[in-house]
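Have the viewer open and click along.

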Amino acid sequence: MKNRIVLFGLASLVLVCFVAAGGYIYFRAFSPDRDKYPLRGIDVSHHQGRIDWPRVAADDVAFAVIKATEGGDHVDDAFARNLEEARAAGLAVGAYHFFTFCRPGADQAKNFISVVPHDQPLLPPVVDIEFGGNCPQRPTPEQLNAELAAFLAPVEATFGKPAIVYLTDEAAQTYAGRIAARPLWLRSLLLEPDRDDWVYWQYHNRGRVDGINGDVDMNVLKGGPAVLAALFAPSS
């Protein structure tokens, strides 16, 4: 009886390990249907270290959204280099701002506008709204909407394009549909978003791309090359 219990325990352990290994391999290898979403891109910051952009571009990456600023005065120290080198490698490039809950939106807009160049084609500006790494206070939708409007008005006037709002799962549950109506960039790991009003879908937070040491966020665009070209076109 004791031997049968031991054998059952070992068999169960092997099964659990097999399922875990299979799940890990599936997670690492996951990519959305390329017929449906033919273009993929990445979003990066200084956390990715020095990036070899020609190798990235050669590894089936069409666009990159690069962290520029955070709050009212922080500038990502890799932004200028990443923007220049990604553009030179042939990628469609854009910039994003991490929106903090403890600085006025107008101050944050000034920071973003002062750092991101205005004289070259860019994807629409992105404002990143999430709880992780943010100030502990959680504004109400009404409070956030007021500060977000103070950010969006000057940014959109400067760059001549409607901004895109990035929302993590938790932020989307709290704010989606209750803040400024803008195209969305949704984070939904391994699962296609259950809503249709998005431009970018961040499907992986531990993807691997040649030219980057370590993990990187992976995204797809809703649409093909014509949609990307329109997003990247100079503002009128």
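Let's start at threonine 100: setting aside neighbours within four places in sequence, this residue is in contact (heavy atoms within 4.5 Å) with Glu70, Gly71, Gln108, Asn134 and Cys135. Threonine 100 sits in the loop between E4 and H4, and the residue is buried, with a relative accessible area of 8%. Buried here means under 20% relative accessible area, exposed means over 50%, and partly exposed is in between (1.4 Å probe, protein chains only).

A word on what you're looking at: this is a predicted model, where local features need pLDDT of at least 70 and side-chain atom pairs count only at pLDDT 80 or more, while totals for chains, interfaces and linings use all residues. Residues are numbered from 1 along each chain as its sequence is written, and side-chain values use heavy atoms, with hydrogens and water left out.

**The disulfide**

One of the contacts of threonine 100, Cys135, brings us to the next feature. How many disulfides does a search of the whole structure find? The search turns up 1, counting a pair of cysteine sulfur atoms within 2.5 Å as a disulfide. The partners are cysteine 102 and cysteine 135, with their sulfur atoms 1.9 Å apart. Cysteine 102 is in the loop between E4 and H4, and cysteine 135 is in the loop between strand E5 (126-129) and helix H5 (141-159), so the bond ties together parts that are 33 residues apart in sequence. Cysteine 102 counts as partly exposed at 43% relative accessibility, whereas cysteine 135 is buried at 13%.

**The overall chain**

Zooming out, the protein chain has 7 helices and 9 strands. These are DSSP runs numbered from the N terminus: helices are H or I with at least four residues, strands are E with at least two. Buried residues make up 45% of the 236 residues. Of the contacts with a separation of 6 or more, 68% are between residues 24 or more positions apart.

In H3 (residues 79-88), the buried residues are Phe79, Asn82, Leu83 and Ala86. They cover an arc of only 100 degrees around the axis, which puts them on the same side of H3; the arc is taken from the directions from the helix axis to the C-beta atoms. As background, an α-helix has 3.6 residues a turn, so residues three or four places apart point the same way. What do the buried residues of H3 pack against? Their partners are strand E1 (40-44), H2, E2, strand E4 (92-98) and helix H4 (105-115). The face turned away from that buried side carries the exposed residues Ala80, Glu84 and Ala88. After H3 comes glycine 90, with a positive phi near 95 degrees.

**Nonpolar cores**

A nonpolar core is a set of buried Ala, Val, Leu, Ile, Met, Phe, Trp, Tyr and Cys residues joined through side-chain atoms within 4.5 Å. The largest one has 52 residues, and Ile42, Trp53, Val56, Ile129 and Leu167 touch the most other members. H5 gives this core its largest share, 6 residues. A second, separate core of 15 residues includes Leu39, Tyr96, Tyr200 and Leu228. Back at leucine 167, the residues touched, not counting those up to four places away in sequence, are Ile129, Ala172, Ala176, Leu184, Trp185, Leu186 and Arg187.

**Aromatic pairs**

Rings of Phe, Tyr and Trp (its six-membered ring) pair if their centres lie within 6.5 Å; planes under 30 degrees apart count as stacked, over 60 as edge-to-face and the rest as tilted.

| Pair | Centre to centre | Angle between planes | Type |
|---|---|---|---|
| Phenylalanine 112 and phenylalanine 151 | 6.2 Å | 55 degrees | tilted |
| Tryptophan 198 and tryptophan 201 | 6.2 Å | 70 degrees | edge-to-face |

Phenylalanine 112 in helix H4 and phenylalanine 151 in helix H5 are 39 residues apart, linking distant parts of the chain. Phenylalanine 112 is buried at 1% relative accessible area, and phenylalanine 151 is buried at 1%. Tryptophan 198 counts as buried at 5% relative accessibility, and tryptophan 201 is buried at 2%. Both tryptophans belong to one aromatic cluster formed by Tyr37, Trp198, Trp201 and Tyr203.

Aspartate 60 is found in the loop between helix H2 (53-58) and strand E2 (63-70), and at 40% relative accessibility aspartate 60 counts as partly exposed. Leucine 190, also not a glycine, has a positive phi of about 70 degrees; this leucine lies in the loop between strand E7 (184-187) and strand E8 (198-207).
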